[in-house]
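These exercises concern how two parts of one chain meet. Work through each task with the structure open, then compare with the solution.

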Amino acid sequence: MKLTDNYLTHSELFAQQAITIPKYDTSLVRQNTLDNPEWVHFGGGNLYRCFHAQVAQELLNSGDMTAGIVLVETFGKDMIDDLYHRFDNRSLTVVMKADGTFDRELVASTAESLFAHASRPADVARLRTVFQNPSLKLVTITITEKGYIIKDSSGKLLPKVAADTQAVVKFENMQHTMSQLACLLYERFIGGAAPLAVVSTDNFSHNGDRLKAAILEIADSWLIAGYVTQAFIEYVSLGDKVSFPLSMIDRITPQPNQEIGEELADAGIDDMLPFISTTQGMRLSAFVNTEAVHYLAIEDDFPNGRPALDKASGVLLSNRDTINKADLMKVCTCLNPLHTTLAIFGCLLGFDRIYKEVNDKDLLSLIEQIGFVEGLPVVENPGIIDPVTFMNEVIYQRFANPNIPDTPQRIAADTSQKIGIRFGETLKAYVLAPDKEVQALTFIPLTIAAWCRYLLAVDDQGRPFVVSSDPLLDELQSQLSSVALGDQVDMWPVLAPILSNKRIFGVDLVEIGLSDKISGFFAQLIKGPGSVRRALKETLASHAKVIEK
């Protein structure tokens, strides 16, 4: 059988493979989307396919939505051609449960998929039409943290963004995704100024604020250049017409696993093996593997109305303050910093799976200390999710699930874009709290030191390894180029330029008094082979506290 088979006329084939099928007619949904689009999503990766598309599928099944999602890629041409178009905009979601069983579902809620690029004028024209249609209610985005970066580490606009700010406001002239979004909002403005919610669902705190700030900085440059009016700035900035809700999204979604693809192929489902795309070398798959647990908390601020998102499983709608607390709880304490910690130490210690790290006594104790001991004291309970319950579920059920084929190498990607949010917000909270002392922290400084050690690209056995991709990798490794395993000199002068960079950590670690501790840990971590494990054990033995789970 194929994913592109007509599930309405071949339902028995899907039933034989225990694949849940849509309860709606895709041809009708696609026509409704063509006529009256309501939902656009930027970023067609794995998280979109197993979460946003899944939410839409539930609402289409229940009749609470009648149009599907218009999926847009501004970079991944091959993703559109080799994945979405090849499989008729469908995918197979494989939910991997801790007991070893799988749930499988054919997801067909993506009604259109567009490559929004000057080389595809028809796709650009369609996207313009969608954005000018008053029926459009929301735009959601998953392009990762680095997709929002419009400045380099020194505060200068990236060359592409600088060029965009000086170009006539036309989509084909725009090179950066933030500029493209700003341009599409301008076209909606001049086409009638219909309201719209633009929702970042990327995995970092204050995501809606950061999205709004990036778009407004570009729009303000256009105003100065005389390309747009003050009325457009007000359309984007005042909040009554265009909103930028905060959100918190949570579903661990590793790269598609080869073994799962082979199992699906053995079951007689065609085209299930992961493959490399034709021109861009992307690793793609018609299926996406993910965990059962999932949360999407969104600020309920939709000026043009919204689908019945609250009727979909795992979706929570609330006010801005509550969503901000839920986001900070997850991103800054209860999940993401623990994930990053495991990624850094996992790469240094030679692990290839996250669940194996949770079975390591030292690494389990490390994330318990960071989460329960150092993080929780500055967490505000959002009310809609209990932080202690959530973190217990994360560590002992989700991270420990042996059927989630997630790797520390995947999580370690783009750490320079994540570490300021995943640890910086906690550090800020300690600095501001009258009853807390930031210099008393131990395991967060140890992890920051371990990240600097990781950038040396030498594991704890002294063997070189491939560091995961990162926008600042060349810059950071250049700053550490004088350091070698076995050095026994003062590391503060080498680390100070990195540790004082607020754009990386969100705070100046020198200014708040943590740089000496981090430098000391770094010196321990580079003493020689085995020093990472040794420093970890010694620090746990001397500083670990009894935790209350």
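**Exercise 1.** How much area do domain 1 and domain 2 bury between them, and what share of it is on carbon and sulfur atoms?

Solution. The model is a predicted one.
- Start with the division: domain 1 comprises 11-148 + 174-212 + 238-318, and domain 2 spans 320-543.
- The two C-alpha centres are 31 Å apart.
- For contacts, 35 residues of domain 1 meet 33 residues of domain 2.
- The area buried between domain 1 and domain 2 is about 2900 Å², with 58% on carbon and sulfur atoms.
- On the side of domain 1, Ser205, Met248 and Ile252 provide 19% of the area buried against domain 2, more than any other three residues.

**Exercise 2.** Find how many salt bridges link domain 1 and domain 2, and determine how many residue pairs are in polar contact across the interface.

Solution. 
- Counting between domain 1 and domain 2 gives six salt bridges.
- For the pair aspartate 209 and arginine 320, the closest N and O atoms are 2.5 Å apart. With a cut-off of 4 Å between a side-chain nitrogen and a carboxyl oxygen, this pair forms a salt bridge.

**Exercise 3.** Which helix and strands each supply at least two residues of the side of domain 1 that touches domain 2?

Solution. 
- The helix is helix 8 (207-225).
- The strands are strand 10 (247-250), strand 13 (287-290), strand 14 (295-299) and strand 15 (315-318).
- By residue class, this side of domain 1 has 14 nonpolar, eleven polar and ten charged residues.

Key: Residues are numbered from 1 along each chain as its sequence is written. This is a predicted model: local features need pLDDT of at least 70, side-chain atom pairs count only at pLDDT 80 or more; totals for chains, interfaces and linings use all residues. Side-chain values use heavy atoms; hydrogens and water are left out. Domain bounds come from an automatic or database domain assignment. Contact means heavy atoms within 4.5 Å. Buried area is the accessible area (1.4 Å probe) that two parts lose on being put together, summed over both. A polar contact is a pair of N or O atoms within 3.5 Å; within protein, one must be able to donate a hydrogen and the other to accept it, and residues adjacent in sequence count only if both atoms are side-chain atoms. Helices (H or I, at least four residues) and strands (E, at least two) are DSSP runs, numbered from the N terminus. Ala, Val, Leu, Ile, Met, Phe, Trp, Tyr, Cys and Pro count as nonpolar, Asp, Glu, Lys and Arg as charged, and the others, Gly among them, as polar.
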